[in-house]
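This report describes the overall build of one protein and then turns to selected local features. The sequence and structure are shown first.

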Amino acid sequence: SGDAYDRGCQLGAARACSALANMIVDGQYSKKKRSEGIELLSLTCGAEFSDNCLKAANVLLVDPTLSDTSRAIMLFKRACDANRQEACAPAGLLSVGSRSNLLPADVLTQLLASACKFGSGPACGHVAARLLAGGDREGARVRAAAGCEKTDGRACGILGGEFEMMVVGATAEVLRSARAHLQVACQAGFPERCLQLGELLSSFRGGPQDLAGALQNVERACTGNLPSACVERDRLEALKSGQAPSADVLHRFTVACGSGDARACFITGEFTLRAPRVSHEDESRAAASFLRACKLDLLEACNSYADLLYNGRGVEHRDRPAALRMYAEACAKGAQIACTNQARMIWKGEETTKDFARALSMLMLACDEEYLACETASQMYDRGDGTPKDRDASKKYADRACAIGSPERRCKR
């Protein structure tokens, strides 16, 4: 009976205390308050009575009269330490969401890693984010992949956005996977991943271009309070309409660029050069916008500034050696359009030793996403530059160029 367990507990019998605690919490012994039952469950919480840790923690979370999240976290952790796998995830995830900083950072990371190992997708996502922030990219990638298998949005976003999308020389297959994973993350409410998905969909990276889908996802990111997404939305709307953006939109780009938004700087330069009439002053403003975006690590902008150096537009003088260096640096970081331009200079022997084989190898890799790379590779096979003449291979690359957006007239037939 409850009285017997009470007497046994007073004499120090742990089993009696455990039994009494459960009776009190379950409402089977009314001589003591439920809060006293929680105290007894907490006192007996340990390896032998790990159930008590879980029970006390859950009551502290659901009973409004006893609510104590911080205490629940510590009880879940004690259960996790006692090898109760199901306790590790709530201990870690509640701690992440708490402002109390109960657990040291390394202890929390280890707790989340344990929960991830035991199958918690959200825990995998959180530990991947923490490892990525700490510089452990391989550990982050492994945890992100594990969490994404459980369809955790945070984990899929890290896998698709920080690894697959950013892989230097990523194949079409890897980029298709990035699209799928970013879609999961976007739907789970991560606006920065909606923006990345929009960027992929607006290009031919990982599949057909889908401007409508890109706009939808970028708009979602914009409404999720991501200012850079609003800038990208305006760019896509102008691109989809085929018309230059309005003066108001261009002004928003300029203001955002001034605030350090690299993409806004890039877009400002891009649309400045697309105006019906472009003066040397316009070209200089575009060059300044591209250079600023490049210094903010936007690789597309580095390539565009190198284009201006190559052609002597908007800069003091044509500087092809500097253009080649910028193409090479951006290519090394994964910008396939820069790889294409570097390869074309190598093919022609401009400011470097002519090397057909190297140029063709680079172009074949870049052809997964850059139609100019495919077109150039097609020309090389047709001419027999660095390879035996091969009309079938030439046609294959020409067809690939059409499939990923080449504006060449033959593609419209």
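A disulfide is here a pair of cysteine sulfur atoms within 2.5 Å. The model under discussion is predicted, and the values below are computed from it.

**Overall build**

The protein holds 23 helices and 0 strands. Its radius of gyration is 30 Å, whereas the globule rule gives 22 Å for 413 residues; the protein is therefore more spread out than a compact globule. The C-alpha trace spans about 95 × 50 × 40 Å along the principal axes.

Of the 413 residues, 50% count as buried. The accessible surface comes to about 20,400 Å², and carbon and sulfur atoms contribute 50% of that surface. Among the contacts with a separation of 6 or more, 48% are between residues 24 or more positions apart.

**Disulfides**

How many disulfides does a search of the whole structure find? The search finds 12 disulfides. Three of them, including the link of Cys9 to Cys17, the link of Cys148 to Cys156 and the link of Cys367 to Cys374, are set out below.

| Disulfide | S to S distance | Torsion about the S-S bond |
|---|---|---|
| Cys9 and Cys17 | 2.0 Å | about 100 degrees |
| Cys148 and Cys156 | 2.1 Å | about 100 degrees |
| Cys367 and Cys374 | 2.1 Å | 105 degrees |

The disulfide of Cys9 and Cys17 is right-handed because the torsion about its S-S bond is about 100 degrees. A torsion of about 100 degrees likewise makes the disulfide of Cys148 and Cys156 right-handed. The link of Cys367 and Cys374, with 105 degrees about the S-S bond, is also right-handed.

Are the cysteines of these pairs buried or exposed? A residue counts as buried when its relative accessible area is under 20%. In the second pair, Cys148 is buried at 10% relative accessibility, and Cys156 is buried at 1%. Cys367 and Cys374 are both buried.

**Positive phi in two loops**

Thr151, a residue other than glycine, has a positive phi near 60 degrees. Thr151 lies in the loop between α9 (137–149) and α10 (153–164). The disulfide partners Cys148 and Cys156 have sequence numbers that fall within the ranges of α9 (137–149) and α10 (153–164), respectively.

Asp297 is not a glycine either, and its phi is positive at about 75 degrees. The loop that holds Asp297 runs between α17 (280–295) and α18 (299–311).

Notes. Residues numbered from 1 in each chain as written. Predicted model: local features only at pLDDT ≥ 70, side-chain atom pairs only at ≥ 80, totals over all residues. Heavy atoms only, no water. Helix = DSSP H or I, 4+ residues; strand = E, 2+ residues; numbered from the N terminus. Rg over C-alpha atoms; globule rule 2.2 N^0.38 Å. Buried < 20%, exposed > 50% of the residue type's maximum accessible area, 1.4 Å probe, protein only. Contact = heavy atoms within 4.5 Å. Areas by Shrake-Rupley, 256 points an atom, 1.4 Å probe, with all protein chains shown as cover.
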